[in-house]
Amino acid sequence: MQSLSPFFISLISSIVATIFTSIVWLIWNRIKSIDLLMKFLGLNKNDKISIFYGNIYRELSENSDRSFRKDYATFEVGDIDSTLIIYDRFQNSSLNIIDHHIGNENKLISRSNIISISGPKWNKVSEKLIGKVGSPLYFKSGVAGLVEKRRTHPNENIYEIDIRNTSDNSLCMKTYGFIILAKSYFLTDIPLAIVIAGLTTYGSLISAKYLTSLTKSEIRALRKRLGRDKRFGLLIEGEIEIDSDGVIKEIKSINLLSWIPENDFLDPYEYIYS
């Protein structure tokens, strides 16, 4: 059997080394990106965090395609995909996820950071936090859209879902979501609160995907814009193609439509979605 020439051995070694280096580089940048995201959000390794998710009651069985179970959590209700996206990312960031609940404000835990997923219609923790932090992004009963009302712009802007038919009988939907972050100076015993919500579950999904997919350059740009703000908001726009059953075929785009600094937040207010 003829042995390989030194040239081919050198070529193969070079290719293997290049592939290995690329993999290590990608893993390292992923780790650094996660660390930078946690720093941007104001979280540190081993910080306690509680995740609250939407309370959409359904009849579910072990074999239901809408239930999802993992070793460390069971999700049977609410914005399942969005919750799992957030849970997985934060689980991989060495945070201490101490609990996960259906959105019941009576289960708020002192001295724990909070992430609340889905809007006030299904999640009472989101409802409570939207008012307490003076969020300029919220929902109103009877208004088929996401409401934006900034301190510096007293008129309300309404962002509504836009749906059009495609050539293959699918639906292309433009939807909106938001991410609100607030730190502790006005939240009793809660160091940090993050609300991730949107118009329908698709709006929550694009918001969760946007947050967890931020690149290092995007995080740095946001930090530069927002400075030392204790509160900020991100308004997200996405376009999704779904079939006639509402199953996502493709997420076509997810974009940051606008960022909202602290000086555009409102004073804390009583917020009840009915």
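**Cavity, cores and a helix**

Visitor: Which helix and strands each supply at least two residues of the largest cavity's lining?
Guide: Helix H1 (6–41), strand E10 (171–183) and strand E12 (231–242) each do. Helices (H or I, at least four residues) and strands (E, at least two) are DSSP runs numbered from the N terminus. A cavity is a set of points on a 1 Å grid over the protein atoms alone where a 1.4 Å probe fits but cannot get out, and lining residues have an atom within 4 Å of a point.

Visitor: What sort of model is this?
Guide: It's a predicted one: local features need pLDDT of at least 70 and side-chain atom pairs pLDDT 80 or more, while totals for chains, interfaces and linings use all residues. Residues are numbered from 1 along each chain as its sequence is written, and side-chain values use heavy atoms, leaving out hydrogens and water.

Visitor: OK, how much space lies in that largest cavity?
Guide: About 30 Å³, counted as the space filled by probe spheres set on the points. The structure holds 1 cavity of 30 Å³ or more.

Visitor: And what lines the cavity, by residue and by class?
Guide: Phe40, Leu41, Ile179, Leu181, Ile194, Leu211, Phe232 and Leu234. That's 8 nonpolar residues, with no polar and no charged ones.

Visitor: Switching to the largest nonpolar core: which members touch the most others?
Guide: Leu41, Phe90 and Ile115, out of 34 residues. A core here joins buried Ala, Val, Leu, Ile, Met, Phe, Trp, Tyr and Cys through side-chain atoms within 4.5 Å; buried is under 20% relative accessible area, exposed over 50%, partly exposed in between (1.4 Å probe, protein chains only). Apart from that core lies another of 26 residues, including Val125, Tyr159, Tyr176 and Tyr271.

Visitor: What is Ile115 in contact with, beyond four places in sequence?
Guide: Ile49, Ser50, Ile51, Phe52, Ile86, Phe90, Ile194 and Ile196, where contact means heavy atoms within 4.5 Å.

Visitor: Now helix H3, which residues are buried there?
Guide: In H3 (residues 124–132), Val125, Ser126, Glu127, Leu129, Ile130 and Gly131 are buried. Their cover includes strands E1, E5, E6, E10 and E11.

Visitor: What happens at the start of H3?
Guide: A side-chain oxygen of Asn123 comes within 2.9 Å of the backbone nitrogen of Val125. After H3 comes Gly134, with a positive phi near 70°.

Visitor: Last one: why does Leu256 count as partly exposed?
Guide: Because its relative accessibility is 26%. Leu256 sits in strand E13 (residues 248–260). Its C-alpha is 6.9 Å from that of Leu234, 22 residues away along the chain.

Notes:
Polar contact = N/O pair within 3.5 Å; in protein donor to acceptor, adjacent residues only side chain to side chain. 1 Å grid on protein atoms, 1.4 Å probe; cavity = no way out; pocket = protein on both sides within 12 Å on 5 of 7 lines; lining within 4 Å. Nonpolar A, V, L, I, M, F, W, Y, C, P; charged D, E, K, R; others polar.
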